[in-house]
Amino acid sequence: MDIATMFNKYAFLGHEFLTWLWYASENTPEMLNVLKNKKTELTVGNKVVIVNGTLQAGRSAKVTIQGEESDLKEAMVAVKDGGWVSDIYLRLNVDQVKYEFTLDAQELKISGFKCSERVTIEKDDDIDGAIMERMHLISGALEFIDLAFEQFIKFRINDKWNSQILPDLSGWVCGTESTAAGIPLNKRVFS
Amino acid sequence: MVFALRVDQKKIPAKIIKRELEIAIEKKKEEHGRDFLSKNERSELKEQVVDIVTSKTPFTTDLYHVTWNANTNELLFFASPKNAKELFETLFYKSFELKLIPLFPFSLANFKLGCFTEQEKDKLLTLTPSGVR
């Protein structure tokens, strides 16, 4: 299978991942403790784009919720109506470092990247060190995305996706707690 | 390894070409005492206008940073325009005879994340979109 075919055929994985990321950040944040020995906190920021329609056929409509006063309930309604997240603005804290960026579903591409730690260059000799430090900071966010995606794929190929996680996600979207597995959501242990 | 792709190009807004062409057409009509110009004359004038405007327009430079970790075979390209990405892929192949594999959800799971067994990768291939709600 060539790259273009894989890209189109499995485009839904990116959309499902971002939707799950939103769900997990609000309901089961322990699922997102993917960085070893680091305290991680993820929240959804002030922008969510939902696509609604046939993703694989390329026919879709977009709903964008954006702005400081934006209410994500509207985005939730779009998800309830059958949409999937296509872009999401995330705030990620890894220990003391704070990141903000938008993640897109198609390529898991990062845009608008901001990091609370600044790297300053005072002398020419500092350039190499500054580049390494900057790369180290960027890799903190990239590592989180890779490992969170790995976590998602592990769930996605597991039978629990259909029997437990998907019903929970649907319940969250519809505002009704899922009774999947007969255990309340906040008492579940995901492995 | 840290380097950059530099792209110099002249960006000429279509509005400027249109405005300069209108001026050139009026000037030629006045010079020849005519009310209209033929299609060929207009076409020639447009070529002249494009040449003149292009020669007067300075280059604009775009710089896209790249980091390449040769130990992990990972490369980060810091740019979002699709054409910049395609240009970089072509130049990279010409320069190093190495083909870049773009990472998107499926390729990330299949090639980069080394934690999956062959059985799990086979399962990944059978996935279809979830029917939520």
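This is a predicted model: local features need pLDDT of at least 70, side-chain atom pairs count only at pLDDT 80 or more; totals for chains, interfaces and linings use all residues.
**View 1. Secondary structure of chain A.** Five helices and five strands make up the secondary structure of chain A. In sequence order, these elements run α-α-β-β-α-β-β-β-α-α. Chain A has 191 residues, of which 28% count as buried. Among the contacts in chain A with a separation of 6 or more, 54% join residues 24 or more positions apart.

**View 2. The side of chain A that touches chain B.** Here 29 residues of chain A are in contact with 20 residues of chain B. On the chain A side, at least two residues each are supplied by α1 (3-9), α2 (12-27), α4 (127-156) and α5 (160-174). Helix α4(A) gives the largest share, seven residues. Sorted by class, the side of chain A that touches chain B holds 17 nonpolar, five polar and seven charged residues.

**View 3. Helices α1 and α2 of chain B.** The view shows helix α1 (residues 14-32) of chain B and helix α2 (residues 39-56) of chain B, whose axes come within 9 Å and cross at roughly 125°. From α1(B), the residues in the contact are Ile16(B), Ile17(B), Glu20(B), Leu21(B), Ala24(B), Ile25(B) and Lys28(B). They meet Arg42(B), Leu45(B), Lys46(B), Val49(B), Val50(B) and Val53(B) of α2(B). Of the residues in this contact of α1(B) with α2(B), nine are nonpolar, four are charged and none is polar.

**View 4. The two assigned domains of chain B.** The domain assignment of chain B places residues 2-56 in domain 1 and residues 74-125 in domain 2. Taken over C-alpha atoms, the centres of domain 1 of chain B and domain 2 of chain B are separated by 42 Å.

**View 5. Surroundings of Trp68(B).** Trp68(B) belongs to strand β2 of chain B. Because 17 C-beta neighbours lie inside 10 Å, Trp68(B) counts as partly exposed. Apart from residues up to four places away in sequence, Trp68(B) touches Met1(B) and Leu75(B). The C-alpha atom of Trp68(B) is 6.4 Å from that of Val2(B), although the two residues are 66 residues apart along the chain.

**View 6. Asn73(B) in a loop of chain B.** The loop between β2 (60-69) and β3 (74-78) of chain B contains Asn73(B). Most residues other than glycine have a negative phi. Asn73(B) is not a glycine, yet its phi is positive, at about 60°. With 12 C-beta neighbours inside 10 Å, Asn73(B) counts as exposed, since the exposed class takes in residues with 12 or fewer.

**View 7. Asn37(A) in a loop of chain A.** Asn37(A) is placed in the loop between α2 and β1 (40-54) of chain A. Asn37(A), a residue other than glycine, has a positive phi near 60°. Inside 10 Å there are 5 C-beta neighbours, so Asn37(A) counts as exposed.

**View 8. Lys47(A) in strand β1 of chain A.** Lys47(A) is part of strand β1 of chain A. Its 18 C-beta neighbours inside 10 Å make Lys47(A) partly exposed. When neighbours within four places in sequence are left aside, Lys47(A) is in contact with Ile65(A), Gln66(A), Asp87(A), Tyr89(A) and Thr102(A). Between the C-alpha atoms of Lys47(A) and Glu100(A) there are 11 Å, with 53 residues separating the pair along the chain.

**View 9. Glu74(A) in helix α3 of chain A.** Helix α3 (residues 72-80) of chain A includes Glu74(A). Glu74(A) has 13 other C-beta atoms within 10 Å and is therefore partly exposed. The C-alpha atoms of Glu74(A) and Leu142(A) are 29 Å apart, and the two residues are 68 residues apart along the chain.

Key. Residues are numbered from 1 along each chain as its sequence is written. Chains are lettered from A and ligands numbered from 1 in the order in which they are written. Axes are lines fitted to C-alpha atoms, for helices over the stretch in contact, and angles run from 0 to 180 degrees between N-to-C directions. Helices (H or I, at least four residues) and strands (E, at least two) are DSSP runs, numbered from the N terminus. Two residues are in contact if their C-beta atoms, placed from the backbone, lie within 7 Å. Ala, Val, Leu, Ile, Met, Phe, Trp, Tyr, Cys and Pro count as nonpolar, Asp, Glu, Lys and Arg as charged, and the others, Gly among them, as polar. Domain bounds come from an automatic or database domain assignment. A residue is buried if 20 or more other C-beta atoms lie within 10 Å of its own, exposed if 12 or fewer, and partly exposed in between; C-beta atoms are placed from the backbone.
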